[in-house]
Amino acid sequence: MRTEMKNKALLVGVLMTLLVVEASAKDGPLTVKVNSTSAVYFTENGDFRELDESNDRAVIDSDDRHLFGHSDVTARVRHQADDAVTFNTDLRLDVVWKDDQLGRTAGSSGNLSVFRLNMDYQAVKSETFALNFVLGRQAFSIGGVPYDYILAGTLDALTATADLGALGRLRVLGVDFFGGNGLPENGYLYYRDGRQTTYNLRGETNTLRTGLIYEFDKSFGSTQAEKSVFSAKGYYFYAT
């Protein structure tokens, strides 16, 4: 008996973008930007398996077509308290469609993401040296590579950035309070959200991370066509 598997190509697409809205307003030190999109999405054959309709179980295992409507609303709020202190907030609500509701389909109650919720303090700024602190939720990564496998994401942390001019730049992750978005048995291996504890960790239910990144960039060439850049990074991180 010979079995032949014919794989179709993976199909992913946006059938139609129904609405794109963007608005911004500024009142003195306060800046607010809001944008929203609505679209219909389609995916097919994500597992590269031929559709098998020989029985109900085979259909469940091989049919992975998805067609759904999706909307998102993003708000960015920035308040310049004074010349040195700025408060930043970035929020986004992602929802799928159902009747006159949003985000109430089976398996989806809508996702509210908080990408930034922090205070930015510019302690020192001159032509040769600058020192900046950020306290709260913020984006953080090592950078310099297409995929940052070591550390890249949204952190709840205290960070400091020192611009040393010709000597490079030093970024310090003072402390990051890490938490997983899942039950203990499904989340990060060493993270526990308080409902259970791990033997021999003496009741610890969170993970704290710290570290630093040193960056050095040097440009060569007098013209744009001849210009080249030498970049080097070194980092160290520790978690407990």
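Modeller: Glutamate 215 and arginine 169 meet through their side chains in a salt bridge, with 2.7 Å from N to O; the term means a side-chain nitrogen of Lys or Arg within 4 Å of a carboxyl oxygen of Asp or Glu. This pair links distant parts of the chain, since glutamate 215 belongs to strand S10 (residues 207-220) and arginine 169 to strand S9, 46 residues apart. The model is a predicted one, in which local features need pLDDT of at least 70 and side-chain atom pairs count only at pLDDT 80 or more, while totals for chains, interfaces and linings use all residues. Residues are numbered from 1 along each chain as its sequence is written, and side-chain values use heavy atoms, with hydrogens and water left out.

The names of the elements follow DSSP runs, numbered from the N terminus: helices are H or I runs of at least four residues, and strands are E runs of at least two. The protein chain holds one helix and eleven strands, in the order β-β-α-β-β-β-β-β-β-β-β-β from the N terminus on.

Glutamate 215 counts as buried, at 6% relative accessibility, whereas arginine 169 counts as partly exposed, at 34%. Here buried means under 20% relative accessible area, exposed means over 50%, and partly exposed lies in between (1.4 Å probe, protein chains only). Both residues also belong to a network of salt bridges that links Arg169, Arg171, Glu215 and Lys233.

Aspartate 176 is buried, with 1% relative accessibility, and arginine 209 is partly exposed, with 22%.

Another salt bridge connects aspartate 156 with arginine 137, where the closest N and O atoms are 2.8 Å apart. Because aspartate 156 lies in strand S8 and arginine 137 in strand S7, the pair ties together parts that are 19 residues apart in sequence. Aspartate 156 is partly exposed, at 31% relative accessible area, and arginine 137 is also partly exposed, at 27%. The whole structure contains seven salt bridges.

Apart from its neighbours within four places in sequence, leucine 155 is in contact with Gly136, Arg137, Gln138, Phe140, Leu173, Asp176 and Arg209, where contact means heavy atoms within 4.5 Å. Leucine 155 is also one of the seven residues of the largest nonpolar core, together with Phe140, Ile142, Leu151, Ala157, Leu173 and Ile213. Such a core is a set of buried Ala, Val, Leu, Ile, Met, Phe, Trp, Tyr and Cys residues joined through side-chain atoms within 4.5 Å.

Finally, threonine 161 in strand S8 (residues 152-163) returns us to the opening pair. Leaving aside its neighbours within four places in sequence, threonine 161 contacts Ala130, Leu131, Asn132, Arg169, Leu170 and Arg171. Threonine 161 counts as partly exposed, at 21% relative accessibility.
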